[in-house]
Amino acid sequence: MPHAPMLKCRTTGRCRRQLNGNNHVTNVQGHPHGAVGSTSIYPNNSSQNGNASVRCNLLPMGKKNRAVSNGTQGNKTHSKPPSPSRAKHKKSPISVPQYLQIVSVLAAVVAVVTYLVIMYVPLSDLTTLVSQDTTTSSTPSVTPESKPSPESKSSSKSSSKSSSKSSSESSSKSSTQSPSSTTKKSAQSSSDKSSEKTPVKSKSISTGGWQLADDETNQMYDSSICTIDRLSVRDMTSEKFESVYRYKKPVIVTFPNGAKDWTQPDRWSVKNLKHEYGEWSVLYGNSLEIVRRGGNGHMQTSFTEYVDQLMNDRDAMGDPFYIFDRSFYNDSTLPKTLKPPKYFEIKDGVDDSIFFMGASRSGVSFHKHADAWNGVIFGRKRWFLYDIHQTPPGGVYPGFTQGEWYRKLYPHLGDALKPQECIQEAGEILYLPEGTYHGTINLGDTVAVGIQKKRAKTKEERLFYEELAVSNEIGTLMKSDEKKKKLESRKVQIFNKLQQLLPDNAEVKMKQGQMYFDLKRLRDGLENTQKAIDLDPDFVIAHLNKGKILTQLKKGKDAEDAYNKALALNPDLWDIHAALGDFYMSNGRPAEAVPHFKRGTELQPDMMPFWLYLQQAQQQAGQKSAAMVTAQVLNKLRLKNMKTETLQPTKKSG
């Protein structure tokens with residue numbers, strides 16, 4: 001099977017614009033193609049010193065200086081614009097009435113003003129010159145509470161040649177400015193430097209130096225669907241929140257000034273985070289492994305290396321890497337910047353916190369936990385939610401990354417299986433009731449913080465938390481330990497209660513089947529696992545567990561069918577290839593095991609067991625030369641692991 005190497009990001013850093021004293025672009029740094037697999041939404045830019053144009057995703061900036069007319073007519077230069085009544089040729093001997101001369105002068109003035117407006121005022125600003133009534137009736141207010149879709153943003157770009165220079169600027173501004181702030185700026189000259197240096201009170205939201213989603217990402221993941229309540233903080237009292245939403249249903253809370261109303265966005269910008277925490281270590285992973293490892297990133301790097309190199313990188317399945325770190329935020333000074341509403345109050349010892357950061361298409365697969373809220377400072381986040389009584393199609397534990405789930409399962413869901421969903425905009429806070437299954441996909445570079453209760457309150461979620469604690473403790477005890485038997489008995493009781501409370505929850509059935517498998521009660525394990533599959537035919541892990549149970553029951557043909565069903569649902573899940581490879585080796589079919597172990601090394605290139613089993617399968621299959629190549633890779637991997645252990649980045653003191 002051909003090797004499928006991990007895609008490497010060729011972008012070594014953020015695109016920057018260096019300005020000279022006249023605020024002209026003099027150099028553009030960064031890779032000419034921006035993020036891998038993306039298309040720049042901004043036009044090419046050329047430097048003033050004649051360098052070739054470099055194309056990259058530039059950050060939204062203020063308007064560029066334009067070469068304002070100095071009154072040149074033909075080859076003559078004037079210190080001020082010439083009078084429109086002045087003519088190059090001699091005055092006509094024909095007498096012209098005075099009122100006609102006045103009319104002609106006025107017409108010329110109007111023509112000059114119109115020309116200047118067209119040349120130097122962005123199209124997005126011109127739209128605000130109409131009356132307020134017309135604007136409010138035809139153009140929605142662009143605030144943190146109501147934003148236009150990417151389609152409407154892109155359609156605001158001017159196609160005329162005279163406005164092509166400002167198309168990228170007007171596009172980025174139209175996605176952040178409110179009509180009121182745009183009206184104020186349109187009344188000023190586009191070459192007036194004071195309008196850029198003097199802050200104007202508005203509802204605009206800065207990108208903080210983070211990249212917006214490209215057109216391809218928006219086309220694939222953007223949506224106008226929102227089935228989650230969205231309320232202004234002005235309309236959300238503590239009493240209303242507790243009676244209507246707490247533990248009951250999700251809600252998105254919006255703020256008049258966006259994130260500025262509950263944090264200090266500048267502290268979360270690219271420049272500031274790299275300056276303060278560039279050498280700190282962060283934990284990251286992909287959307288699937290983060291969930292399967294208990295809500296933590298499983299790889300470590302420095303913050304600067306992640307931003308400059310790994311943020312736009314992809315794993316072997318094409319999934320972006322995502323910072324999901326539970327200690328970075330607490331060790332930093334960022335908690336001091338938060339001032340959320342009273343009903344989102346953060347309490348020491350009661351609340352846990354998580355720092356999220358990732359590029360477009362990053363996110364996290366379906367999971368659930370205690371009561372929580374999530375605040376997006378920069379970027380956009382698409383949410384998919386399911387009530388605790390309805391396990392998400394595809395199952396939990398998840399067998400898909402969130403991107404895979406969206407591409408493979410989401411388009412085929414019937415009305416009864418569709419999730420609650422909405423896109424959370426920058427500056428908004430989403431409340432997530434305890435026990436709500438949720439998965440996310442980010443649109444554009446997204447920086448967010450999550451505050452989560454450490455202990456569950458609802459009856460169902462308390463049982464899930466207890467089961468996890470009991471399972472962890474069982475794993476530390478010896479088989480003969482009397483305490484282990486008592487804990488196993490308690491675990492059976494927990495699942496019996498959960499089955500009564502959540503009879504249609506496929507996760508409960510799958511975990512119950514797994515529990516009986518561990519207790520060597522294979523028939524009970526198979527029965528409950530099959531019930532999970534009956535509830536959710538796309539439950540990949542349930543099919544995989546069914547194959548393992550059938551293998552133990554010596555039903556080889558049925559086991560192979562179960563494994564192949566899981567493989568058909570998701571051929572890129574490494575667990576399936578590990579199970580199938582082991583199945584074929586146990587049945588004396590090493591040649592059939594080789595491609596599965598080979599695929600495992602492609603999906604998890606740093607996982608040593610895959611290489612060891614691959615070498616063993618190749619040797620038994622008589623593939624001696626291939627086994628020698630695998631042995632060389634193993635030696636390099638061992639050396640790499642030894643170096644990694646001695647070069648782990650250490651976190652600076654907060």
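The model is predicted, so local features need pLDDT of at least 70 and side-chain atom pairs count only at pLDDT 80 or more, while totals for chains, interfaces and linings use all residues. Residues are numbered from 1 along each chain as its sequence is written, and side-chain values use heavy atoms, with hydrogens and water left out.

- Residues 540–573 are 79% helix and 0% strand, with end C-alpha atoms 9 Å apart. Helices (H or I, at least four residues) and strands (E, at least two) are DSSP runs, numbered from the N terminus.
- Residues 574–607 are 79% helix and 0% strand, and their end C-alpha atoms lie 10 Å apart.

**Helices α17 and α18**

- Helix α17 (residues 506–518) and helix α18 (residues 522–535) cross at roughly 160°, and their axes come within 7 Å. Axes are lines fitted to C-alpha atoms, for helices over the stretch in contact, and angles run from 0 to 180 degrees between N-to-C directions.
- α17 and α18 are therefore roughly antiparallel to each other; angles under 35 degrees count as roughly parallel, over 145 as roughly antiparallel, 65 to 115 as roughly perpendicular and the rest as oblique.
- The crossing of α17 and α18 is left-handed, a label used if the near helix is turned anticlockwise from the far one by less than a right angle, with right-handed for clockwise.
- Residues of α17 in the contact include K509, Y516 and F517, and those of α18 include L522, D524 and L535. Contact means heavy atoms within 4.5 Å.
- By class, the contact of α17 with α18 has seven nonpolar, five polar and three charged residues. Ala, Val, Leu, Ile, Met, Phe, Trp, Tyr, Cys and Pro count as nonpolar, Asp, Glu, Lys and Arg as charged, and the others, Gly among them, as polar.

**Helix α21 and its partners**

- Helix α20 (residues 556–569) packs against helix α21 (residues 574–586) at an angle of about 155°, with the axes 10 Å apart. That makes α20 roughly antiparallel to α21.
- This crossing of α20 and α21 is left-handed.
- From α20, G556, A559, E560, Y563, N564, A566 and L567 meet I576, H577, A579, L580, F583 and Y584 of α21. The contact of α20 with α21 divides into nine nonpolar, three polar and one charged residues.
- α21 also packs with helix α23 (residues 608–620), at an angle of about 35° and with axes 11 Å apart; the crossing of α21 and α23 is left-handed.
- W574, A578 and M585 of α21 make this contact with F610, Q616, A617 and Q620 of α23. By class, these residues are five nonpolar, two polar and no charged.

**Disulfide**

- The structure holds one disulfide, meaning a pair of cysteine sulfur atoms within 2.5 Å.
- C226 and C422 form the disulfide, with sulfur atoms 2.0 Å apart. The torsion about their S-S bond is about -95°, so the disulfide is left-handed.
- The pair links distant parts of the chain, 196 residues apart: C226 sits in the loop between α8 (215–221) and β3 (229–232), and C422 in strand β11 (residues 420–424).

**Backbone details**

- V396 and Y397 are joined by a cis peptide bond, with omega about 15°. Y397 lies in the loop between β10 (372–386) and α14 (402–408).
- Y247, a residue other than glycine, has a positive phi near 65°. Y247 lies in the loop between α9 (238–245) and β4 (251–254).
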